[in-house]
Structures are given as C-alpha cells and as structure tokens.
Amino acid sequence: MIWPADNNFISIHLQNGTYSPGTNDESFPIILDSFINLIGQGAEAAILDAGQTGRVIKIEDCVNNILSKLTITGGFVEDGFGGGISIWDDSEVIFQNVSIENNVSLIGGGIGIFDGSIVTIINSTITENYASWSDVFGGGGMYIGYNAPAAYIVNSIFWNNFPEQILIS
C-alpha cells in the first residue's frame with residue numbers, strides 16, 4: 001500500500017463516466033484523507049452522483065486536498081450539513097474547474113464549511129443546491145460557519161441556489 005504524505009501526494013484520476021449507486025453500485029460518501037486529490041477529465045465528463053443516498057464527499061481533518069475537473073451532484077443529507085461536500089476540522093481544500101449542483105441538506109446544500117477549515121474555489125460553478133433550514137441558517141450554495149476562517153472564491157459562479165448563494169455565520 002502506498003500511503004499519502006506531505007512528500008507523497010496521491011492523485012486519483014477518474015475516467016469519464018457517472019459514478020453512482022444506480023449505474024455502477026458506488027457507495028457514498030467518499031471520505032478523503034490528507035494529500036489525496038480527485039481529478040476528472042472535465043466537469044461534464046467525470047460525475048460523482050450520490051443519487052440522493054447521502055452526502056457525496058466528506059473531508060474532515062485533512063490538508064492538501066484538490067478536487068478538479070469533475071461534477072459533484074445528487075447529495076442528500078436530511079438532518080445535517082453539506083449535502084454535496086462537508087468540510088470540517090481545520091481542513092484545507094482547493095476546488096478547481098468543479099461543478100457542484102443539485103445537492104440538498106439542512107445547512108449548506110452544496111458545500112458546508114466548519115471548524116477552522118479553509119476552502120479555495122477557482123473557475124467553478126455552484127448551482128441548483130438547496131438548504132432546507134432556511135428560516136434559521138441556510139446557505140443553499142455554500143455555508144461558512146462555526147469558526148471557519150476563510151473561503152477564497154476566484155472566477156466562479158454561484159447561481160440559483162436556495163435560500164441564498166452563500167451564508168456566512
């Protein structure tokens with residue numbers, strides 16, 4: 001086994017296709033460790049679709065993760081946060097050329113960022129995500145809360161998320 005480390009990054013290159021419970025029996029959420037990158041061949045070509053069976057990706061207490069050239073969709077977390085992606089505990093993540101769409105959760109439909117985590121979003125689209133706890137929290141596209149210090153957004157689109165695009169709490 002090859003273990004990822006700060007001097008030994010591991011990149012997983014996804015082939016074109018849809019990875020979902022309905023098409024190839026994929027299980028979700030994908031739980032990333034530090035120093036692991038997920039790289040597709042294009043947002044329209046590599047699709048991670050949880051098929052409403054749960055969260056798509058969970059990143060907790062991780063550093064140096066890159067998600068690039070893929071779509072994250074179909075996440076559903078009825079009583080939690082981060083339907084597409086949850087990011088916790090001082091994690092550091094870069095999203096580059098990623099589409100995060102059609103995810104649902106109580107808080108942070110597309111992305112939920114918490115507890116000291118830092119996120120950079122570059123050339124990405126976050127659209128059609130829904131946070132159901134709109135009367136208290138929300139953050140349809142992205143929720144930043146509980147001591148999350150920063151989210152850097154560069155040349156990216158947040159569009160048609162409900163109840164708001166980004167909520168900072």
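Okay, so let me start with a term: buried means under 20% relative accessible area, exposed means over 50%, and partly exposed is in between, with a 1.4 Å probe and protein chains only. By that cut-off, threonine 127 is buried, because its relative accessible area is 9%.

Quick housekeeping. This is a predicted model, so local features need pLDDT of at least 70 and side-chain atom pairs count only at pLDDT 80 or more, while totals for chains, interfaces and linings use all residues. Residues are numbered from 1 along each chain as its sequence is written, and side-chain values use heavy atoms, with hydrogens and water left out.

Back to threonine 127, then. You'll find this threonine in strand 14, residues 125-127; strands here are DSSP runs of E, at least two residues, and helices are runs of H or I, at least four, all numbered from the N terminus. What does threonine 127 touch? Not counting residues up to four places away in sequence, the list is Ile100, Glu101, Asn102, Trp159, Asn160 and Asn161, where contact means heavy atoms within 4.5 Å. On the tryptophan side, a polar atom of the threonine 127 side chain sits 2.8 Å from the backbone oxygen of tryptophan 159.

Next up, asparagine 37, over in strand 4, residues 36-39. Buried or exposed? Asparagine 37 is buried, at a relative accessible area of 6%. Leave aside the neighbours within four places in sequence, and asparagine 37 is in contact with Phe9, Ile10, Ser11, Ile12, Asn64, Asn65 and Ile66. With isoleucine 66, the backbone nitrogen lies 2.9 Å from a polar atom of the asparagine 37 side chain. Histidine 13 is 24 residues from asparagine 37 in sequence, and 8.3 Å away in space, C-alpha to C-alpha.

Three strands make an open, parallel sheet in the order 8-11-15; strands pair if DSSP finds at least two bridges between them. Strand 8 (76-81) and strand 15 (130-131) are at the edges with a single partner strand each, so one side of each has no neighbour in the sheet. Strand 11, residues 104-107, pairs with strand 15 in the parallel sense over two bridges, and serine 105 has alanine 131 in strand 15 as its bridge partner.

Last stop, the outside. Isoleucine 168 belongs to strand 19, residues 166-168, and counts as exposed because its relative accessible area is 65%.

Terms used
Polar contact = N/O pair within 3.5 Å; in protein donor to acceptor, adjacent residues only side chain to side chain.
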